[in-house]
Structure formats: structure tokens, C-alpha cells
Amino acid sequence: MIRCRSCQAPIEWVKMRSGSPMPVDPLWVVIDPNDTTMGRQVQVVCDDGTTARGRAISTHQVIPADVKGLHAQGYRVGRPSHFATCAHASEHRKPRPSRPRSGR
């Protein structure tokens, strides 16, 4: 098991659609993306390199056969980004390139 260099928590890696690796916690979360109740939303990183936001339905060990059935029911399955849970995350984030300001 790979561990975070800062907090020593177990982590896994997901390749995002951009090609960048994203550290994630090993806890699987099933979310309902159609429930957008304020204050109850979580964001997860899915294995296909996308993110999903919605209300957490459950957190448990998910097996691949479960994922297809959950998707068929309209749910998304993913894991929290370790940047959201690591107390030292800011030490590992790469700076974002500055964007030109609009001429308003």
C-alpha cells in the first residue's frame, strides 16, 4: 500500500482525464448526483478520471460488479481526493498558472 509522504495515510492514485495523477483515499463513496441538497454534497474522483458531486449514499468496499449496477441506478462511485483530507495537502499542490484578466 502506498502512503502519503506527509501524513502517512494510505492512498491510491487515479489518472485524471487530463493525464495528471490524483491521490485518492482508499474509501469508496456511493453518491446520488441528482440530490444537490446544499450542505450535504461531497465530491469524489471516479476511476474513469472524472469527478462527481452529490449526496453520499454510503461508504463501503465496492467490488467491480457493484459499480455497473449502481451506475444503472443513476448513482456514481468514487473516492475522495486525498487533497481534501490531508492536513498537509497545500505542500503538494502545484501552483495553477495565472489566467489573464478580462478587460472589464
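**Close-up views of a predicted model**

**Figure 1. Overall view of the protein.** Of the 104 residues in the protein, buried residues make up 30%. The model shown here, as in every view below, is a predicted one. The protein contains one helix and seven strands, and, read along the sequence, these elements follow the pattern β-β-β-β-β-β-α-β. Taken along the principal axes, the box filled by the C-alpha atoms is roughly 45 × 40 × 25 Å. The accessible surface comes to about 7500 Å², and carbon and sulfur atoms account for 52% of that surface. When contacts between residues at least 6 apart in sequence are considered, 58% of them join residues that are at least 24 apart.

**Figure 2. The open sheet of four strands.** The strands of this sheet lie in the order β5-β6-β4-β7, and their pairing is antiparallel. Strands β5 (41-45) and β7 form the edges of the sheet, since each of them pairs on one side only. From one strand to the next, the twist averages 55°.

**Figure 3. Strand β4 and its two neighbours.** Strand β4 covers residues 29-32, with Val 29 and Ile 31 pointing one way, Val 30 and Asp 32 pointing the other way, and all of these residues buried. On the side of strand β6 (residues 51-59), four bridges join the two strands, which run antiparallel. Within this pairing, Val 29 stands opposite Thr 59 of β6, while Asp 32 has Arg 55 of β6 as its bridge partner. Strand β7 (residues 76-78) is also joined to β4, here by three bridges and again in the antiparallel sense, and in this pairing Val 30 stands opposite Val 77.

**Figure 4. The hairpin of β2 and β3.** Strand β2 (residues 10-15) pairs with strand β3 (residues 21-24) over four bridges, and the two strands are antiparallel. Lys 15 has Pro 21 in β3 as its bridge partner. Five residues lie between the strands of this hairpin, where Gly 19 takes a positive phi near 100°.

Figure 5. Gln 8 is placed in the loop between β1 (2-3) and β2. Its phi is near 70°, which is a positive value in a residue other than glycine. Most residues other than glycine have a negative phi.

**Figure 6. Arg 79 and the ring of Trp 28.** The charged end of Arg 79 sits over the ring of Trp 28, at 4.3 Å from the centre of that ring. A pair of aromatic rings, by contrast, is described by the distance of the centres and the angle of the planes. The count of such aromatic pairs comes to zero in this model, where rings would have to have their centres within 6.5 Å to be counted as a pair.

Technical notes. Residues are numbered from 1 along each chain as its sequence is written. This is a predicted model: local features need pLDDT of at least 70, side-chain atom pairs count only at pLDDT 80 or more; totals for chains, interfaces and linings use all residues. Side-chain values use heavy atoms; hydrogens and water are left out. Buried means under 20% relative accessible area, exposed over 50%, partly exposed in between (1.4 Å probe, protein chains only). Two strands pair if DSSP finds at least two bridges between them. Rings of Phe, Tyr and Trp (its six-membered ring) pair if their centres lie within 6.5 Å; planes under 30 degrees apart count as stacked, over 60 as edge-to-face and the rest as tilted. A charge sits over a ring if NZ of Lys or CZ of Arg is within 6 Å of the ring centre and within 35 degrees of the ring normal. Contact means heavy atoms within 4.5 Å. Accessible areas come from the Shrake-Rupley method with a 1.4 Å probe; for residues, only the protein chains shown count as cover. Axes are lines fitted to C-alpha atoms, for helices over the stretch in contact, and angles run from 0 to 180 degrees between N-to-C directions.
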